[in-house]
Amino acid sequence: MNIPLGKLYGVGVGPGDPQLLTLKAVAIFRKVQVIFAITGPNSQESVSGGILKELGDCRARRENLLFSMAGSMEERIACWEQAAQRVTEVLAAGEDAAIAILGDPLIYSTFGYLRRQILRRLPEAPIEVVPGITSFQAAAALRGEPLVENREILTVIPALENSGANREALKNTDTAVLLKTYRNRDDHIRQVIETMAPASLLYAARIGHNGAVLETDPGAIAALPADYLSLLIAKRTADA
Ligand SMILES: C[S@@+](CC[C@H](N)C(=O)[O-])C[C@H]1O[C@@H](n2cnc3c(N)ncnc32)[C@H](O)[C@@H]1O
């Protein structure tokens with residue numbers, strides 16, 4: 001007899017504060033048999049998994065999925081394939097599983113790769129995505145000013161490199177959110193200032209975690225250590 005496939009949930013857990021988990025996310029984590037969290041090669045503890053520590057009454061088995069940030073694409077792909085294989089095994093055994101994803105699962109997230117790999121192995125796998133609050137929404141909320149209003153344009157840039165494409169995007173937007181700025185943060189700030197002459201700049205690090213930082217002064221930002229969990233928000237015009 002064939003075992004019916006388990007269901008997979010890609011669940012956004014928000015940027016850090018467990019209070020920003022949705023009721024739907026909590027209900028899913030409490031009902032599935034397995035919760036997967038994503039870890040990097042240098043972190044034993046997953047950031048997204050840590051947000052779930054306060055989930056009382058949750059009997060799911062916890063498993064980590066290792067994701068490589070290696071320069072080599074082969075190494076990364078090998079990691080994604082291994083992770084997808086493990087999730088596929090759980091679904092094929094008829095267990096429901098949730099993958100805890102930092103912020104929202106559909107915004108620059110490893111969930112996208114995993115989903116494709118899982119569907120390649122198990123095309124009929126039922127997958128549901130549960131949205132989460134993104135890091136930049138939470139950072140904007142701490143500042144309390146609108147990100148965009150009326151006809152203003154919001155652009156989200158994966159700012160790993162300081163590229164010409166970024167410059168074009170910055171020229172054509174009212175508000176820019178720069179994620180993944182940790183490698184070249186100060187170059188990004190220089191580029192944002194030259195290109196947008198922003199009325200305001202916000203650096204937000206470790207939002208919702210211990211040691212969270214919000215800073216608006218470029219000189220003070222430059223003195224801060226680089227942090228993977230950090231972003232920039234630049235607004236062209238001042239809040240009226
Ligand atoms: C791979 S992207 C994931 C984005 C995530 N899916 C989201 O919806 O926010 C990782 C980047 O998100 C940003 N980020 C995630 N959590 C953050 C936090 N708690 N504080 C500041 N930035 C954060 C950083 O720019 C980090 O380099």
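This is a predicted model: local features need pLDDT of at least 70, side-chain atom pairs count only at pLDDT 80 or more; totals for chains, interfaces and linings use all residues.
**Entry 1: two domains**

I started with the distance between the two domains: the C-alpha centres of domain 1 and domain 2 lie 27 Å apart. The domain assignment puts domain 1 at 8–130 and domain 2 at 135–235, and such bounds come from an automatic or database domain assignment. For the contact between them I counted 7 residues from domain 1 and 8 residues from domain 2; two residues are in contact if their C-beta atoms, placed from the backbone, lie within 7 Å. On the side of domain 1 that touches domain 2, I found 3 nonpolar, 3 polar and 1 charged residues. My classes: Ala, Val, Leu, Ile, Met, Phe, Trp, Tyr, Cys and Pro are nonpolar, Asp, Glu, Lys and Arg are charged, and the others, Gly among them, are polar.

Residues are numbered from 1 along each chain as its sequence is written.

**Entry 2: the whole chain**

I looked up the secondary structure of the protein chain and got 8 helices and 10 strands. Here helices (H or I, at least four residues) and strands (E, at least two) are DSSP runs, numbered from the N terminus. The radius of gyration is 19 Å, close to the 18 Å that the globule rule gives for 240 residues, so the chain is as compact as a globular protein of that length. That radius is taken over C-alpha atoms, and the rule is 2.2 Å times the number of residues to the power 0.38. Along the principal axes, the C-alpha atoms fill a box of roughly 65 × 40 × 35 Å.

How much of the chain is buried? Buried residues make up 37% of the 240 residues. The cut-offs: buried means 20 or more other C-beta atoms within 10 Å of the residue's own, exposed means 12 or fewer, and partly exposed is in between, with C-beta atoms placed from the backbone. I also checked contacts between residues at least 6 apart in sequence, and 71% of them join residues at least 24 apart.

Strand 4 (residues 97–101) has 5 of its 5 residues buried. In a regular strand the side chains alternate between the two faces of the sheet. In strand 4, I see Ala97, Ile99 and Ile101 pointing one way and Ala98 and Ala100 the other way, all buried.

Strand 1 is largely enclosed by the rest of the structure, because 5 of its 5 residues are buried. Leu8, Gly10 and Gly12 are on one side and Tyr9 and Val11 on the other.

Which strands pair with strand 4? Strand 1 (residues 8–12) is one of them, parallel to strand 4 and joined by 5 bridges. Two strands pair if DSSP finds at least two bridges between them. Leu8 has Ala97 as its bridge partner, and Val11 has Ala100. Strand 2 (residues 34–39) also runs parallel to strand 4, with 4 bridges, and there Val34 stands opposite Ala97. Strand 1 also pairs with strand 5 (residues 127–130) in the parallel sense over 4 bridges, where Leu8 stands opposite Ile127.

**Entry 3: the ligand**

Where does the ligand lie? Both domain 1 and domain 2 give residues to the shell around the ligand, so it lies between them. Of the 22 residues around the ligand, Pro15, Gly103, Thr134, Ser135 and Ile207 come nearest; a residue is near if its C-beta atom, placed from the backbone, lies within 6 Å of the molecule. Strand 8 (200–205) and strand 10 (230–235) are the elements that give two or more residues to the shell. By class, I count 11 nonpolar, 8 polar and 3 charged residues in the shell.

Which residues other than glycine have a positive phi? I noted Lys180, at about 55 degrees, and Arg206, near 50 degrees. Lys180 sits in the loop between strand 7 (175–179) and helix 7 (185–196), and Arg206 in the loop between strand 8 and strand 9 (213–215). Lys180 counts as partly exposed because it has 17 C-beta neighbours inside 10 Å. Arg206 counts as partly exposed too, with 17 C-beta neighbours inside 10 Å.
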